[in-house]
Amino acid sequence: MGNPLHILVVEDNPVNQKLLGLMLKQFGYTCVIAADGKIGVAEYRKGSFDAVLMDIQMPVMDGFEATAAIRAHERSNGGHIPIIAVTAHVMPGYREKCLENGMDNYLAKPFKMQELKEIITETMQQRNAAS
Ligand SMILES: [Mg+2]
């Protein structure tokens with residue numbers, strides 16, 4: 001069901017990288033994995049992705065900084081790529097913090113494969129409805 005999405009995964013943890021890659025493949029999606037926010041922004045700029053899965057805690061450039069850089073690029077160049085925060089930070093208010101900082105949705109780690117699928121589908125539908 002649906003188009004095969006092309007997803008940018010920005011995540012520093014090798015285990016999480018592998019897990020996300022396998023899950024996305026199961027959905028029939030393709031992905032590129034970037035190991036920190038700086039690499040993620042560079043990949044975003046050269047790729048044509050449908051959405052971004054963005055870890056928060058990463059070396060070099062964290063998920064908030066990377067999201068800010070992507071949104072700044074979009075202000076000059078147009079577009080709005082859906083960015084889903086994928087983070088182990090589950091304290092109250094953290095989802096709101098992600099949304100206030102330019103992200104479109106939020107998924108707490110650990111998550112089940114079905115939850116990942118649902119959050120991607122939901123986020124893509126929100127974007128389609130908004131555009
Ligand atoms: Mg991390």
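## Basis of the model

Residue numbers start from 1 along each chain, following the sequence as written. In this predicted model, local features require a pLDDT of at least 70 and side-chain atom pairs count only at pLDDT 80 or more, whereas totals for chains, interfaces and linings use all residues.

## Overall fold

The chain contains five helices and five strands, where helices (H or I, at least four residues) and strands (E, at least two) are DSSP runs numbered from the N terminus. Read from the N terminus, the order of elements is β-α-β-α-β-α-β-α-β-α.

The C-alpha atoms occupy a box of roughly 35 × 30 × 30 Å along the principal axes. Of the 131 residues, 31% count as buried; a residue is buried if 20 or more other C-beta atoms, placed from the backbone, lie within 10 Å of its own C-beta, exposed if 12 or fewer do, and partly exposed in between.

Strand β4 (83–87) runs parallel to β5 (residues 105–108), and four bridges join the two; strands pair if DSSP finds at least two bridges between them. Within this pairing, V86 has L107 in β5 as its bridge partner. Together, β4, α4 and β5 form a right-handed β-α-β unit, meaning that, with the strands pointing away from the viewer, the path from the first strand over the helix to the second runs clockwise.

V90 lies in the loop between β4 and α4 (94–100). V90 counts as exposed because it has 10 C-beta neighbours inside 10 Å. The C-alpha atoms of V90 and L107 are 9.2 Å apart, with a sequence separation of 17 residues.

In helix α5 (residues 113–130), the buried residues include L116, I119, I120 and T123. Seen down the helix axis, the buried residues of α5 fall within an arc of 100°, so they line one face; the arc is that of the directions from the helix axis to the C-beta atoms. Elements covering these buried residues include α1 (14–26), β3 (51–54), β4 and β5. The face of α5 turned away from the buried side carries the exposed residues Q114, Q125, N128 and A129.

Helix α2 (residues 37–46) has G37, G40, V41 and Y44 buried. Its buried residues also fall within an arc of 100° seen down the axis of α2, so they line one face of that helix. They pack against β1 (6–10), β2 (30–34), β3 and α3 (63–77), a contact requiring C-beta atoms, placed from the backbone, to lie within 7 Å.

Note on methods: The expected span of a helix is 1.5 Å times one less than its number of residues. Two residues are in contact if their C-beta atoms, placed from the backbone, lie within 7 Å.
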